[in-house]
Amino acid sequence: MTRPRLLRAGGLCCLMATFASFSPSATAQDIIEEIVVTGSYIKRDSFDSASPLTVIDQEQIAANATPNLGEILVDQTFNYGTEYQTNTYAARFQLGNTSQANLRGLGPGATLDLIDGRRTNNPFLTNTIPQIAIERIDILKDGASALYGTDAVAGVVNIIPRKDFSGIKATAFYTEDKRGDFDESQLELLMGSDTDNGHITVGLRYSNRGELQQVDRAKYLRQGFERSGTGNPGDWLVPDRDATGAIVGSTRRVDPGCGTENGPGGTDVGQKRNYVSGDVGTTSGQENCRLHFGEWWNFMNPQDQYSAWVNFRFDFSDNISNEMDIIYARLETDSRGSAQNPGGRTEEFPIVLGTHPGNPYRAFGDMNANDMLDPGEQLFALDADNDGIPDRGSVDANGDGVMDVILHPDAFNPAGGGIPFNEDVDVIALRAMGKLGTKASELLGDGSNTGNATFDQTDFRIADTLTIAIADTSWEVQTTGIYEKWDWNFSQKNTSQSRLVQGLQGQLKANSDDGFLSTWNPFSTQQLSCVDRVCSDTGTPGFANTQDVMNSINITADDIEEFQFYSFGVIATGDLYELPAGTLAGAFGYEYRNDQRDTDINAQQNACDWHEGGCGLDWKAEQDVASAFFEFYVPVLSGGAGGELELQLAGRYVDYGGEIGDDFTPKIAALWQPIDMLSVRASWSQAFIAPTLEDQFETEDCGLQTANDPITLDFTQSFRAACPSGNRALVAEEADVFNIGLSLELLDRDLKLGVDYAVYDFDDRIIELSMNNVINQDFDNFLAAGLAAGDQTDIDIWFSSGMSDPNIIRDTTGVITKVKTRRLNAASMKNKSWDFYGRYNLPWDAWGLFTVNLNATFVDEYSYNLGPGLPSGDAAGRQNEELVDIPPIPEWRFVGRLNWTLNNHSAMIKVRWFDEYDLSFNSGALFGGQLFFNGTDKADDITYVDANYAYRFQGLLGEDQETVLEVGGRNIFDEFPDPIFNLGGIETFVHDIRGAMWYVRLTQEL
């Protein structure tokens, strides 16, 4: 650690010692009614817990000034890698509007989500109950599988609704960024009333998020990485001829129109319609036509969200009651992306003949050996039958499978009787659609296509709980049934492989209403005019694609995912036995759960007609899980010299069903209060994550990843198709979780301090091997065989020997186009973290009440071993871009809040600080670019400041009605990080691309 960082860390420790924080569990310590605390089934008379518990109340939720619950989680110092911005082409896929909790950065699957203490199978916290209907959010920060089952490894996020609200309350919220190019709005309504035999509460919500395009933050496009070596027009393998016109080999060449037409945006990648015909670049010593794609992507995707929640309690008697919760939520989102993704099945394309009407590669004999077509070097072919088509013989000099054109005896004489001809060429790198020529009708006006995050998701959930209090005892029995169904209609873009091939051969029937056969032109001549391999935009294309052709090759289709979840559980709680220190209490339960998933892949992918990736097959699976569990509250000491000591003992036996097997997970926790002002807590548990249905049963389904090929020295960082599939031999992930902490209360409980130290030791983590995993492992085997990278002889030996990994698919030139990946129980992780937290209340007479809350997390270690093909290491203090499974982990994070209240006035200032971290990109080329362009291998620390002010009007619209007006902002000083040479130019898991966001909220009681 450098000296400045030591000073910062020391300063934080001083702050902790002075004000520092207390476990948020103490913020509700004055509540004395018996409640069920997250992390226990046994009712207690306070929030004190043997496990570390953070409580986010209504005030804190509102102060975050965002409709997105994910941003509230982002502000928790112990949560890493929750996405709320869009970066769907980066190595770590971020939809931007499905935010999942990711405690300790151990993966969303390691955090269990609950609604009112009950499991939900919808992992997207943005798509749950309306914010206005949330009483609080409990976050349990240790292992809880013994109590809740699978997934509760890093902790539990429990959304507690406001079930006893009476009256009517409405809120209107609007926020806009400083530049006026992004906004969000939200309308909510909460209604509640007693009934003759119970209570009903209803919450409604509508929210709208605008769109923030990457060109709206042009600085990050200009200084980031937004170009691809797979372009349109593309790169082709073109025959070389000597001074006599004889074929002597082949060379990779960019389309001659590449880089000749820049469009209205010129060469400024921060503007739209730049580099219309691509950009000639050099990678690994070879020219390639690059596409600048940043103008087509978003930092924030637009969305509309609707949600409704109803809670109804009916009391049959003093001892019997029934409670029903109903949730309906819908999330609609649009996204933008490249007109066509790279990574297609170009290796299956036929040789594009010289007779293709768009082919610009005029044949020439290189008389002066300068590799350029000079006047007088044009070749002419024999046309013995005068049909206007060059004659072909029986020689295939370049081995492309097509017989060569026969040269006219007077091959260089335009008047000699021969006809001009173009070369037969083979595609090396190509996107089916780009910025040139006619666009498919389904593309947007700016040439972008449906992005990677356009979907319509709906969630319906009903939970019913019958509670029976057994008369004259402390025992209570609850039975709960849950049914939840959520559907995800995911829009996909692609092009038809069969139609592309037909189009290259002039055999495409683009319009079913006529019998004509059409040709698809992939060359620059679809917009430019090319003569003797020199192209320009004359306004008259050499061979334009028709609208019917472009519509015919384009695919916009839907994948439909249906998830269903059934659960039935019974739990009995009550007092068991009087011990000297108090009453031994227990909880005993049984749970049955059935998970189902039905995946309907689009028809074109079912038919293997997907240009990007190939096939995708429908699949359906279900799994039953049965478990029995217990929990004991054991009072050991009840005062005196030893203070008070209590234990929590819990365990769960689980039968997963299927081939996974069964397991038993225990938990032991203790809370010791040697004196009134001091609490010491400790817990140890084993926790697990069962393989998901997708992990086990998914059929091959391909997407894009970026990868290099160290064997052939192909470092173009091209997008290629990665095709994962399920593995039925997987076993559950397992972890040992340990926590120890203390809380201290001073100054009549106005000053509350706390610290926790937690260790999560994970084994058998399920990972989906990335494309780089597979390629790197193959490269290790290549080197172990004594072969040399880049040596063509050794490369040919490797490919022909059968020793190369058959899961790596290459085209005829050896370029990787597709990699079949798989899931394995291969990874291990260990996270060691310190949490500091606390609260200080300072009443200041006529100046009002000041409250300071400080929270900080220090990640001491995040060691990992992600399996074959990747080295082990420590993720703490690193960006971890190349790891995919691990988000950026700044060593230190800090959030401090100063609240002030005086009569009807209230205000808050919040400071959010992220420590610096080492940059670690997904490729050496990107990292080298970062050092070259930006001169640093670190992302600097950054501080965001938020503020708000509220005034409460009493009786403005009625005698007993309150009106609250709030104004404020997030990141009020408009802080931005320095750009990095990466996709999007910013690490969107850490830094906020929006800048200053100002907001207003009006809340009215009716």
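**Exercise 1.** In this predicted model, work out how the axes of helix α10 (residues 771-784) and helix α11 (residues 792-801) are oriented towards each other, and which residues meet.

*Solution.* Begin with the axes, which come within 11 Å of each other and cross at roughly 110°. Angles of 65 to 115 degrees count as roughly perpendicular, and α10 and α11 are therefore roughly perpendicular to each other. The sense of the crossing, in which α10 passes α11, is right-handed. Turning next to the residues, one finds that D778, N781 and F782 of α10 meet D794, I795 and W798 of α11. Sorted by class, this contact of α10 with α11 has three nonpolar, one polar and two charged residues.

**Exercise 2.** Determine which residues of helix α6 (residues 497-504) are buried, and what covers them.

*Solution.* Taking under 20% relative accessible area as buried, we find Q497, L500, V501, G503 and L504 in this class. These residues lie on the same side of α6, because the arc that they cover around the axis is only 160°. The cover over the buried residues of α6 includes β26 (476-495) and α7 (547-553). After the helix comes G506, which has a positive phi, near 70°.

**Exercise 3.** For helix α12 (residues 924-934), decide which residues are buried and which are exposed on the other side.

*Solution.* The buried residues are L926, G929 and Q930, and they are placed on the same side of α12 because they cover an arc of only 105° around the axis. An α-helix has 3.6 residues a turn, so residues three or four places apart point the same way. On the other side of α12, the exposed residues are G924 and F932. Just after α12 stands G935, with a positive phi of about 70°.

Definitions and conventions:
Residues numbered from 1 in each chain as written. Predicted model: local features only at pLDDT ≥ 70, side-chain atom pairs only at ≥ 80, totals over all residues. Heavy atoms only, no water. Buried < 20%, exposed > 50% of the residue type's maximum accessible area, 1.4 Å probe, protein only. Helix = DSSP H or I, 4+ residues; strand = E, 2+ residues; numbered from the N terminus. Arc of directions from axis to C-beta. Axes fitted to C-alpha atoms, helices over the stretch in contact; angles between N-to-C directions. Parallel < 35°, antiparallel > 145°, perpendicular 65-115°, else oblique. Left-handed = near helix turned anticlockwise from the far one by under 90°. Contact = heavy atoms within 4.5 Å. Nonpolar A, V, L, I, M, F, W, Y, C, P; charged D, E, K, R; others polar.
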